[in-house]
Amino acid sequence: MKYLIYLSYLGSGFAGFQVQKGSDARTVQGELCRAARELFGTECKVTGCSRTDSGVHALEYAATLEVVSDTVIPPERLPRAFGAKLDGDIVVHSAAVVPDGYSVRRHVAEKEYEYLILNSPTPSPFYAGRAWHIPLKLDEKKMDIAAENIVGRHDFSSFMASGSSVKDTVRTVSMCRVSRDGDLVKINIRADGFLYNMVRIIVGTLVDVGEGKTDAGNVARIIGACDRSLAGRTAPPYGLYLKKVILN
């Protein structure tokens, strides 16, 4: 039996979603596999819709769970069953049975990320490890103007971290917005796919605009240059959330 499950997790205590060969670091995939093994009495395969880096959070994440066992748990009971086996930093919200040949990665049409910046003179204990604290006042309106340049189909190699083996660096961004809610500056980006550290580098570049280090119009030139050295710093992982997964 194969389930499609939706879950959320706080990434602070994990070395990313995916189990890493040769490492015993705690991962979301590893915890789900452990919990499933205890529930079904056998090894189970968990496949995520994408990878997330160490410290990155997920408000909505999709994965498949493959089970070969005499133990049958109806999908509507699976969230509560997982809840008894998982710590509070991972929560399975829903489950549905899908065909054996279903691939969650092939069905991802778009993903939306949200990045949180605590833009206040002093930090907050409630956002420690959950938002990037920047004390200097940011101009979110200029950042939003700059973000308009991100939207569209572009070669985003200027926003890809070194060391990636990806050959095709063209992606389509359907939405990129910057907004403020009190001391929280939110950056939302939706695309059909993302390069390694792409969102975090875009955030760092937009922060440069908000701090007055570069003009909003420079973002278009940075994209066209296909040169990582021209983009901004890589924002820390703990402000990043996978907000939504759109499946087709």
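Residues are classed by relative accessible area, where buried means under 20%, exposed over 50% and partly exposed in between (1.4 Å probe, protein chains only). The structure is a predicted model, in which local features need pLDDT of at least 70, side-chain atom pairs count only at pLDDT 80 or more, and totals for chains, interfaces and linings use all residues. Residues are numbered from 1 along each chain as its sequence is written, and side-chain values use heavy atoms, with hydrogens and water left out.

**View A. Salt bridge between Glu114 and Lys243**. The closest N and O atoms of this salt bridge (a side-chain nitrogen of Lys or Arg within 4 Å of a carboxyl oxygen of Asp or Glu) are 3.5 Å apart. Glu114 in strand β5 (residues 108–118) and Lys243 in strand β10 (residues 240–247) are 129 residues apart; helices (H or I, at least four residues) and strands (E, at least two) are DSSP runs, numbered from the N terminus. Lys243 is partly exposed at 34% relative accessible area, whereas Glu114 is buried at 10%.

**View B. Salt bridge between Asp53 and Arg200**. The N to O distance is 3.5 Å. Because Asp53 lies in the loop between β2 (45–48) and β3 (57–66) and Arg200 in helix α4, the pair ties together parts 147 residues apart in sequence. Asp53 is partly exposed, with 27% relative accessibility, and Arg200 is buried, with 12%.

**View C. Network of salt bridges linking Asp208, Glu211, Lys213 and Arg233**. Within this group, the side chains of Glu211 and Lys213 meet at 3.1 Å, N to O. Lys213 is exposed, with a relative accessible area of 57%.
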